[in-house]
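Please open the model in your viewer and keep the sequence panel beside it. The stops below say what to select next and what is to be found there.

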Amino acid sequence: TLPDALREIHTPQMLIASGGRGSGDGVARLNAYGLGFFVADFRDRVYWNHGGNTVGMTAAMGMLPTEKIGAVVLSSLDHTGVPDAVV
């Protein structure tokens, strides 16, 4: 099991509105922010993710903890959507 501190950063702390970008099926989907990770629903599984940009670089990270898989993609091009698309 996860240590308490690590579990806390993956626990939803702030809900994020979908902005009308829902699936249209009327079913609520998890979309929140923990203490350093976004926590969302991906194909009915919990999905942890985060990314960022700085001058000349973009990064994206995503994990499906129940499946025990994850990916980190680093790019030497800033403000590109490629890492998110690959993850």
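**Stop one: a threonine in a strand**

Begin by selecting Thr-58, which lies in strand β5 (residues 57–64); helices (H or I, at least four residues) and strands (E, at least two) are DSSP runs, numbered from the N terminus. The model is a predicted one, in which local features need pLDDT of at least 70 and side-chain atom pairs count only at pLDDT 80 or more, while totals for chains, interfaces and linings use all residues. Residues are numbered from 1 along each chain as its sequence is written, and side-chain values use heavy atoms, with hydrogens and water left out.

Thr-58 is buried, with a relative accessible area of 6%, where buried means under 20% relative accessible area, exposed over 50%, and partly exposed in between (1.4 Å probe, protein chains only). Its side chain makes a polar contact with the side chain of Asn-53 at 2.6 Å, and a polar atom of the Thr-58 side chain lies 3.0 Å from the backbone nitrogen of His-79. A polar contact is a pair of N or O atoms within 3.5 Å; within protein, one must be able to donate a hydrogen and the other to accept it, and residues adjacent in sequence count only if both atoms are side-chain atoms. Not counting residues up to four places away in sequence, Thr-58 touches several others, among them Val-73, Leu-77 and Thr-80; contact here means heavy atoms within 4.5 Å.

**Stop two: along to Thr-80**

Next select Thr-80, in the loop between β6 and α2 (82–86). Is this residue, Thr-80, buried or exposed? Thr-80 counts as buried because its relative accessibility is 18%. Leaving aside neighbours within four places in sequence, Thr-80 is in contact with Asn-53, Thr-58 and Ser-75.

Two strands pair if DSSP finds at least two bridges between them, and two bridges join β1 to strand β2 (residues 31–33). Across this pairing, Met-14 stands opposite Tyr-33 in β2.

**Stop four: salt bridges**

A salt bridge is a side-chain nitrogen of Lys or Arg within 4 Å of a carboxyl oxygen of Asp or Glu, and by this rule the count comes to two. Select Asp-4 and Arg-7, whose closest N and O atoms are 2.7 Å apart; being three residues apart in helix α1, they are separated by about one helical turn. Asp-4 is exposed, at 61% relative accessible area, whereas Arg-7 is partly exposed, at 36%. Then select Glu-67 and Arg-45, whose side chains meet in a salt bridge (2.6 Å, N to O). This pair links distant parts of the chain, with Glu-67 in the loop between β5 and β6 and Arg-45 in strand β4 (residues 45–54), 22 residues apart.
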